Amino acid sequence: MKTTFAAGAMLSAALLGGAPLAHADTELKVFVSSQHQPDVWRKVLDQYEAANPGTKVTIETGGNTSEAQVQYLNTVMTAKDTALDVLILDVIRPAQFAAAGWTSPFDDKDMSAYLPAYSEANTVDGKVVALPAFADAMFLYYRKDLLEKHGIQPPKTWDELKAAVKTINGAEKNPDLQGLSFQGKAIEGAVCTFLLPYWSQGKTLVDNGRLNFDRDAAVKSLALWKSFVDEGVSKKNIAEVATDDTRKEFQAGNAIFAVNWSYAWAQSQGKDSAVADKVGVARLPAMTGGEQATCLGGWEWGVSAYSTHQDEAKKLVEYLSGKDSSKYMAINGSLLPTYGELYKDADVLKAAPWFADALQVVETAKPRPVTPRYNEVSETIRTTVNAVLAGVMTPEDGAAQIEARLKRVLR
């Protein structure tokens, strides 16, 4: 991931134009997921420090899954710890943190410049409780070289993907080449694993906070993922695979297809990648006869309610969520912008050409169920998906368990 001169100069110019002359001694600590390229965010923060000489910003990293991060932050916030000033939060978390009183609202903030999904995700009861860090959605990554070699188009359905894997593996005869890597571990990504084919059948899970469960569609969703294991398309221990495991497997050249978020693109093009310049990105396949669907992701910047530097922390978050930072991270970290016009920006498209087709995917991505009891919904789904993939529960039993447990949660 190389920092481009143009992007660096652009960011510097935008910031230095308003650089204050006063020198205050303010130290801010920002929590960033270890999965989300803290080294690139560090360069952005260096630019901020240069424009604000009295401010020093340090990064604290933690957790490479949403669950690991929120467990840590729950501990910090419950203790009313003042150590952290700014927090990066999964798109499913701002409402939860605001309800707990753990973040400070942004008064009179105009959210109209952001993509609508992120304006809505960060607004609770009319208050802006966090600002977007970057957009995201799940995509299908594929080995462009292998598909071209065998005359195969990117699959539009999961059945087409299975057929493609069997053709390629049959010809390549490489025992280390997995057909499809996806998230089967009991993490937040497994919620999306379940929802992708469920949504593809035209079904919803929660409407206005109330359960709207289709057991037959749930059985088909769980059975689809289990069939990948049973038919040798995915590896036997897929129940142990987390998000960054999928990224590493694909980056090492050990998978034909992978379901992952946008961050995996930059990593796949790095100097340590075995598949640099061999990667294609497409919309996720549909169930046969269904519609293609994907899961809305993204991360948000919140200000800790316990920070002793409220104004300074909010100023930093405004900057991190600004258009210049969004463009910089798109170019250097392949993180999807939260501003629609940046998907047409020449500098962004030069760095990540596939962004030209990404906006439609992000704009049509579906949010996970909106409910104050989302943590219980998530745990129910991800643990059940994991049990089915591990072979300790049938798809039928899994669907029945999800329905029974969610009926108790969403009464």
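**Salt bridges and burial**

Q: Why are Lys407 and Glu403 separated by about one helical turn?
A: Both sit in helix 17 (residues 395–409) of this predicted model, and because they are four residues apart there, about one helical turn lies between them.

Q: What makes Lys407 and Glu403 a salt bridge?
A: Their closest N and O atoms are 3.8 Å apart. The cut-off is within 4 Å, so the pair counts as a salt bridge.

Q: Why is Glu403 called buried, and Lys407 partly exposed?
A: Buried means under 20% relative accessible area. Glu403 has 13%, so it is buried. Lys407 has 48%, which falls between 20% and 50%, so it is partly exposed.

Q: How do you know that Glu249 and Lys235 form a salt bridge?
A: The closest N and O atoms of Glu249 and Lys235 are 2.4 Å apart, and that is within 4 Å, so the pair qualifies. Glu249 is in helix 10, while Lys235 is in the loop between helix 9 and helix 10, 14 residues apart.

Q: Is Glu249 buried or exposed, and how do you know?
A: Its relative accessible area is 11%; this is under 20%, so Glu249 is buried.

Q: What makes Glu231 and Lys166 a link between distant parts of the chain?
A: They form a salt bridge, with the closest N and O atoms 3.1 Å apart. Glu231 lies in the loop between helix 9 (215–230) and helix 10 (243–251), Lys166 lies in helix 7 (residues 158–172), and 65 residues separate them.

Methods
Residues numbered from 1 in each chain as written. Predicted model: local features only at pLDDT ≥ 70, side-chain atom pairs only at ≥ 80, totals over all residues. Heavy atoms only, no water. Salt bridge = Lys/Arg side-chain N within 4 Å of Asp/Glu carboxyl O. Helix = DSSP H or I, 4+ residues; strand = E, 2+ residues; numbered from the N terminus. Buried < 20%, exposed > 50% of the residue type's maximum accessible area, 1.4 Å probe, protein only.
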